[in-house]
Each structure stands twice: as structure tokens, then as C-alpha cells.
Amino acid sequence: MIHINENLEINRSVLEAELSISQATVRLWSLDWAKPVAFEVHPDTHVMVLNLTTPLSGSRLSFRTDQCLGDARHPGRLAFAGAGTSFDASFPPGGLCVLNVEADPDWFETITGFRLQWQPKMLSACANIQYPQLAQCLLKLVGEARAPGLSSKRYAESIVTEAAIYTARYLERVSSEIVVPGQTLSNLHMNRISSHFENMNGYMPDIAELAAICGIGERHLRRLFKQTTGKTISDYARDIWVSKTKRQLANTTLALKEVAALAGFSDPCHFATAFRRATGRTPKAFREHFLASGETPDQFVISPACGAQVPWQGELLN
């Protein structure tokens, strides 16, 4: 629901169409006013907004929370008001035809896997969303609201789900570009990443997997990981790959082709090339050196590895 805490002198307010589905309420409004208007709105749901009219010149829209404030901007065709935020709007005389999709915040987070963490830049970006796929998606919803057809609610549910995912992708992209000086990954996040790498056999994960187990966006993860460790995720993946492979080579009951398979290579020659590039030695030379040194496999822990990047199969970590 949207709460307006100021008197809004509207000459005409028409609810053209309404759809109620399990996860959201869809409303299509036509509004007209003869004088300039200014009002403050407090949504307790996530609201995806599509303006079907050309935004009025001189209109301003700004979002805020108790902790931060976004810049006032000329509203675009698309906007997003998150639950718990507030926004101030001002418009010159004129009118709007607008589609509001009021979605449950818990459903939105569950279906998209994206948790909102407000920053001024993200609040500012919500006033004028540049995402053509989202606009096209909401336009389909306008048509369905105006002229419902067979299985209308099921179709509307699928459209709203698609719109939520597009909105989350846009917000994730904006949030990934926000880096707070001194911000780092928590010990919990680092432990999850380390455990995930260490417990895998035969392949390395892509960034999407790591972002999913941490519950943050992919680009944001890349930036925070570099700020936390001083290394890229690819470098870290190489280090773990080398450490695990060294421990497997130190186990002399495993043939070199078995170690190659455990390391994710079907061809032992490709494995030998990758290992040599990462360590400066072939697998056979490393094993011979290990046996002669009297060292134990316990020393091969996750630590920086020397040499060039391991040529990951399929370029899983770009």
C-alpha cells in the first residue's frame, strides 16, 4: 500500500483497472490537477512504476531512507519505490497515467535473491530507471489489466515475476558500482568462499555461484573481494587450485593421470602445462622434489601461488 501524508489536490483521479494476484496488486491510474502539486509518499510495499505519459517538464522526484538521501531528479518513464523508503514528488499543472505494481517485499527478495541495501546512488537511480526490458514487461501488464483474457491471473503473475527480476537486475547493477571506502567482506563471507573452493572437486565455480552463497551481487563481490584480500577472485581460485593439487601430488598412491582428473583436466598433458605455468615445475618434477625433501602434505595450505594464471577450462572465472 502507498501512503500519502500531504493533501494532494487532484481534480480527477480514476482507477482505470486493477488486478490482484498472489504476490502483488496491479493498478492503472489516470490523474489530473490544475495547480502545481507537491507531496510525500511512504510505501510499505515495493512499487514498480511505469509512466504511460511523457514526464512533465519541471517535475522532480527524490527518494530517501532514515539513513541516506538520493538526489532529486526529473522522473523518467520507469521508477521503483522500495518498501520503507519515502519519496518527495512535485509536479507542475498537468496529469499522469501511471501503472503501479505493489509487490510484497519478502516475495520480491525470495523470487530474485536480491536484498536491498540502500545507498544514495541507488536511491537516485530509482527515480529514472533505464531498462527497456522492464518497460516492455510492464506494458504487457497494462494490456492485461485493461483487457483480461483467459487465465489472466496466471499470466499476470508470470509478468510480475519477470518484472521483479528485471528490477532486481537493474538495482544489482547499480549497487555493484557502489564501493564504500574501507568496506570489506565479513569473516562469514570469506569462510563461505574458502569452504566452497576447498570442498569442490574437478572444477572451479563461476562468480554467480560465489555471489549466491554470499547473498550479494556479482560485481559488488568482485570489488569487495579485492578490497578485502588485495587479490582478484581468479587469483584466489588459482591459489586454492595449486594448493589442492600439490596435496594430491604429495599423495604418491595417486597416479599423475588421477591427479589430473581431480584437478579438472581430462588430458594429463594440459594438466601438466597448467601446473607448470602456475608453479614453475611439472607435476612429475614437483612430486620428485617433494619425495626428496622429506616434507609433509600439511604444508600445502591455501596461500599465494607463483607464476601465471592457470588456464581455467571453459574460462569459468573471468
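## Overall composition

Of the 318 residues in the chain, 45% are buried, where buried means under 20% relative accessible area, exposed over 50% and partly exposed in between (1.4 Å probe, protein chains only). The structure is a predicted model, in which local features need pLDDT of at least 70, side-chain atom pairs count only at pLDDT 80 or more, and totals for chains, interfaces and linings use all residues. Residues are numbered from 1 along each chain as its sequence is written, and side-chain values use heavy atoms, with hydrogens and water left out.

The chain has eleven helices and nine strands; helices (H or I, at least four residues) and strands (E, at least two) are DSSP runs, numbered from the N terminus. Among contacts (heavy atoms within 4.5 Å) between residues at least 6 apart in sequence, 76% join residues at least 24 apart.

An open sheet is formed by five strands in the order 2-3-9-5-7, with antiparallel pairing. Two strands are taken to pair if DSSP finds at least two bridges between them. Strand 2 (12-20) and strand 7 (78-81) stand at the edges with a single partner strand each, so one side of each is left without a neighbour in the sheet. On average, neighbouring strands of this sheet are turned by 20° against each other, direction ignored.

Within the sheet, strand 3 (residues 24-33) and strand 9 (residues 94-103) run antiparallel and are joined by ten bridges. T25 has E102 in strand 9 as its bridge partner. Helix 3 (residues 132-146) packs on the sheet and touches strand 2, strand 3, strand 5 (46-51), strand 7 and strand 9. The direction of helix 3 makes about 95° with that of strand 9; axes are lines fitted to C-alpha atoms, for helices over the stretch in contact, and angles run from 0 to 180 degrees between N-to-C directions.

## Pairing around strand 8

Strand 8 (residues 86-91) is joined to strand 4 (residues 37-43) by five bridges, and the two run antiparallel. In this pairing, F39 stands opposite A89 in strand 8.

Strand 8 also pairs with strand 6 (residues 60-64) in the antiparallel sense, over five bridges. Here the partner of R60 in strand 8 is S90.

## Nonpolar cores

A nonpolar core is a set of buried Ala, Val, Leu, Ile, Met, Phe, Trp, Tyr and Cys residues joined through side-chain atoms within 4.5 Å. The largest such core has 61 residues, and those with the most contacts inside it are F80, L99, V101, L138, L141 and V160. Helix 4 supplies the largest share of this core, ten residues. Leaving aside its neighbours within four places in sequence, L138 is in contact with V49, L50, L78, L99, V101 and A163. Apart from this core lies another, of 16 residues, among them M190, I216, A237 and I240.

A237 is found in helix 8 and is buried, with a relative accessible area of 0%. A237 and E198 are 39 residues apart in sequence and 9.6 Å apart in space, C-alpha to C-alpha.

T167 lies in helix 4 (residues 152-176). T167 counts as buried because its relative accessibility is 1%. Beyond its neighbours within four places in sequence, T167 is in contact with M48, F80, F108 and L134.

S151 is placed in the loop between helix 3 and helix 4. The phi of S151 is near 55°, a positive value in a residue other than glycine. S151 is partly exposed, with a relative accessible area of 47%.

## Packing of helix 8

The axes of helix 8 (residues 233-250) and helix 10 (residues 268-279) come within 11 Å and cross at roughly 115°. The contact is made by W241, V242, T245, K246 and L249 of helix 8 and by F271, A274, F275, A278 and T279 of helix 10. The residues of this contact divide into seven nonpolar, two polar and one charged; Ala, Val, Leu, Ile, Met, Phe, Trp, Tyr, Cys and Pro count as nonpolar, Asp, Glu, Lys and Arg as charged, and the others, Gly among them, as polar.

Helix 8 also packs against helix 11 (residues 283-293), at an angle of about 65° and with the axes 9 Å apart. In this contact, K246, Q248, L249 and A250 of helix 8 meet P283, F286, R287 and F290 of helix 11. By class, the contact has five nonpolar, one polar and two charged residues.
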